[in-house]
Structure formats: C-alpha cells, structure tokens
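Open the model in your viewer and keep the selection panel at hand. The tour goes stop by stop, with something to select at each.

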Amino acid sequence: MEISEYYVLGFFLFLGAFIAAAAIIIGKLLGFASKDSKNKYAPYECGMETYGNARIQFKVGYYLFALLFLIFDIEALFLFPILAQFKTIMAGETLLVPIIVFIDLVIFVAILFFGLAYAWKKGILKWE
Amino acid sequence: MIDPVISHPLGDFIREIIPIPEISFLINALISIIAICAVAIGTAPILIYMERKICAHIQCRLGPMRLGFHGTLQTIADVMKLLFKEVYAPKGADKFLFYLAPMISLTAPFLALTMIPFDHNLQVANLSVGIPFIIAVNGFGILGILIGGWASNNKYSLLGSLRSGAQMISYEISFALVLLFVVMVSGSANLMDITQSQSGTILDWWIFKIPVLGFIAFIMFFISSTAELNRAPFDIAEAEQELTGGYHTEYNGTAFAMFYLAEYINLVTTSSLATTCFLGGFYPPLIGIESIDTLLLKVPGFIWFAGKVFFMISAYMVVRWTFVRPRVDQLMDFEWKFLLPANLLLLALGATYIAIIG
C-alpha cells in the first residue's frame, strides 16, 4: 500500500470534529446545570412565548442564487486545469497553440459573462 | 515511495531511526497533528485579546484592563467560564444535528491549515491541488452554519444561517476566481510552488509583480475573504440588531465556544492564504540592497510568515471596526453585479498580460 499525503488529510478530516466533540462532552460533564423551569428549554424569541413552527418556508430567491453559485463554482473548477498550465502553454515554441488556447479561454469566460448578464436581465439577481 | 509528511529535518530524522515506513508515517502524522493543534488553538486566545483591544482603542475605550497586565488574562478567564456553563439543546431542536454543526464547522479550518507552507520545510501536506482543495474545504464551513441554524428550532437562527449561506456561497465564487488568478500567474496550484514563484525582492511578490492587476486582485481577495469569514462589514449572518446572535443564538457553553474557535482559526487560515498567495509567504521583504538583505535573511522564514499573517489579521480587525454594515440586498448586489463581473474581467486581463509579456 502506498502511503501518500492524502492519508494525513484523512486524520485531519476527523481532527476538528474530534476536538469539537471532546469540548462538548467536557462541557456536558463540567457544566453546572441550572434550575429547571418551564421556559428553560424554550427557544429564544425576544422573551415572548414561542409562536408557531421555526422551520418556516423560505422564498425561492435563495434557491436561484444557489443554482447560480453551482454554475460558477463548477466553472472555476473547469478553468483551474487550463489556468494552471496557462503560463507553460504561452511560453511554448509554436505560435498556433498559444493563440488557440487563449481564444478558447476568452470564449469560455465570455460565455459565462453573458450568462451572468442574462440572469441579471431576467431579474434573478434582484433581492427583495 | 513515501511522500514526506513533515519533510526534513524532523521527518527525515524519524524516517532514519524507524525503519518501518508505516510507523514512521504515523509518528510524523501525530507530530503534525499536534503542531497544527498548537498553532490553531494557541493563537485563538491571542487573537480574541487582540481583537478586543483593537476594537476598544478604535472606539476610544481601554478594553479589558483588570485581569493581569492590561487584561491579558481576560480571555483565559472567559474560556474557564465557558467550560463551566451548561450545554443543552433547546426544546424541539434536532439534537444530533445540533451537536454535529460545531464539529463540521471546526473541520474545515483544520483541513485548510494543513496546506499552508509555514517555512521552506514546514508544511503538513504538499498537495499539487492545494488551491482547489482549499476552495472545496471552505464550502464545508458553510454546511456547519446551515445545519446549526436549522437544527436550533429558532427563527433567528434559521434566518441568520440562510442569509449567511446565501452570502457565503455568493462570495465563494469571487474568492475562488481570485485564487484562480494567482494560479494562472504563478503557473501552479501547489501552495509551495506559489510561494517559491515569489522569491526575490519585495517587488516579486504577486501583489506588486504584475502592475496594478496584482494589487486589484489583492483588494478583491480581501473583500471576498472578509465576506467568507462572516466578519463585519459583511456580518449580516449575526447582525445583533436584526437577528440577535444569528446561527449560534441557541448555542451555549463549549458548543458555542467551538463556533467562536472555528471563526478565529478561519481568520488565521485566510490570512495565511493571503500571505502565501500575495505577500510572498515566508520570504523576507528584500529590497535589493545587499547589506540590509543579508540582515533580513538571517531571520527564519516562519517568523516572517507569522509577522505577515499578523499584519493581515490586524488589517481584517481594523476593517471590521471601521466600516458600517451594508443591507442584505446591497451585499448581494455588490457581489453579483460588481465583484463577479470585475473578477471575470480581471482573469481576462491577467490572461492578456501573460500572453503578451509572459
């Protein structure tokens, strides 16, 4: 089995969770329980009696922003390999390859730019 | 073969005296975990004290003064207090998710800290996909906030967490795109390579190396990372006047402390990222005069790194206490209608710069 640095990241994936869990358990053990009363466990609502369900429905605007985010985040991921190699490609000896790559990049970014402009014109970016 | 976990000299030394690779790997991993914990948990009280003092002096107050010299022991007293507070979930809360949320939000900053090169040979994991990894891990932190807000069974929490989610995913895009700009100009996504591409004088740092564009990228990184960190002026997630505590309204005791800790470790991580990508990482600010440069090179790299990180942190703190908070719609408009188009433009201009000048 080859050991690589990704295994160390496996440790660290659980490190933060482990620290938080340990802290919460210590807090549970050490914390002095205050006197039980009727409203001790009631969710905070400016001192009034809690009214209705807290898990309310939300407007669809959040969902549209999440969709847009998805598009642009994937775009960033797609851009990443070409951008990491961009300098090497540009320093290449032939003239044709750098030009093709550069035009490709510009077209890719331009499509996204127009996509954003379209969403803007459709009024998705308006927050009410 | 085995990639170095902690590279030379410590890692090599352990590898020499312990012939079994699996065990030496485990020892190396253990040492790096302890080191990261020390960095992360050790700096948090210092940062909290620093923030209170900076905030106080900006507002013409003195800040904590009673405990210890100029209130230095105040944070330790606060930690003790939080330890002895009762931890409980409110009525109707989803208990499992309620306690899972602080765990998730603490995972992300620890994972990101492993990528940071603190010195020539002080880096836990030297991944070739460092920058995408950090972007991916950053998304994890949002999940903790969303889960925490939803599980609390509190309207303020839910509102705060959803607002915060919308804000963080929006600014995540420009955060990622600015980092991609750095990847493009340095030609690598490995954080060690990015640092090494800035060796030389102070003018070789990416903030200065590309005229104007580098500085604009740095400012954009600063803005989007402030929003990512949920710090004022972008702290609508926990705007006290509107939402009481935001997503951690219902948390108390150590569970609340974990959110707080995550926030400050995130501050360290983001400042380290800014240092690595724009401010030359662990390289000293050489100015080209030989007698001064030899003097500057005598100081070890991690001290330069820590100095730059603390400079960035104080910048974040001063910004936090000087600017006013925008409304939530202004905030979203700023990202989608100004920062994102400007970011795409910056990428295009950077590509043109590299294509022409190289």
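A salt bridge here is a side-chain nitrogen of Lys or Arg within 4 Å of a carboxyl oxygen of Asp or Glu. This is a predicted model, where local features need pLDDT of at least 70, side-chain atom pairs count only at pLDDT 80 or more, and totals for chains, interfaces and linings use all residues. Residues are numbered from 1 along each chain as its sequence is written, chains are lettered from A in the order in which they are written, and side-chain values use heavy atoms, with hydrogens and water left out.

**Stop 1: salt bridges**

Select Arg52(B) and Asp78(B): their closest N and O atoms are 3.1 Å apart. Arg52(B) sits in helix α2 of chain B and Asp78(B) in helix α3, so the bridge ties together parts 26 residues apart in sequence. (Helices are DSSP runs of H or I, at least four residues, numbered from the N terminus.) Arg52(B) is partly exposed at 31% relative accessibility; partly exposed lies between buried, under 20% relative accessible area, and exposed, over 50%, with a 1.4 Å probe and protein chains only.

Next, select Glu51(B) and Arg320(B). This salt bridge has its closest N and O atoms 3.4 Å apart. It links helix α2 with helix α13 of chain B, across 269 residues. Are the two partners buried or exposed? Both Glu51(B) and Arg320(B) are buried.

Now go to Lys337(B) and Asp333(B), bridged at 3.7 Å between the closest N and O atoms. They are 4 residues apart in helix α14 of chain B, so about one helical turn separates them.

**Stop 2: the largest cavity**

A cavity is a set of points on a 1 Å grid over the protein atoms alone where a 1.4 Å probe fits but cannot get out; lining residues have an atom within 4 Å of a point. The largest cavity has a volume of about 290 Å³, a volume being the space filled by probe spheres set on points joined across faces, edges and corners. Select Gly141(B), Met168(B), Glu228(B), Ala262(B) and Asn266(B), which lie nearest its centre among 23 lining residues. Helix α11(B) gives the most to this lining, with 7 residues.

**Stop 3: the second largest cavity**

This one has a volume of about 50 Å³. Select its lining, which includes Leu79(A), Val106(A), Leu347(B) and Ala351(B). Helices α2 and α4 of chain A and α14 of chain B each give two or more residues to the lining.

Conventions:
1 Å grid on protein atoms, 1.4 Å probe; cavity = no way out; pocket = protein on both sides within 12 Å on 5 of 7 lines; lining within 4 Å.
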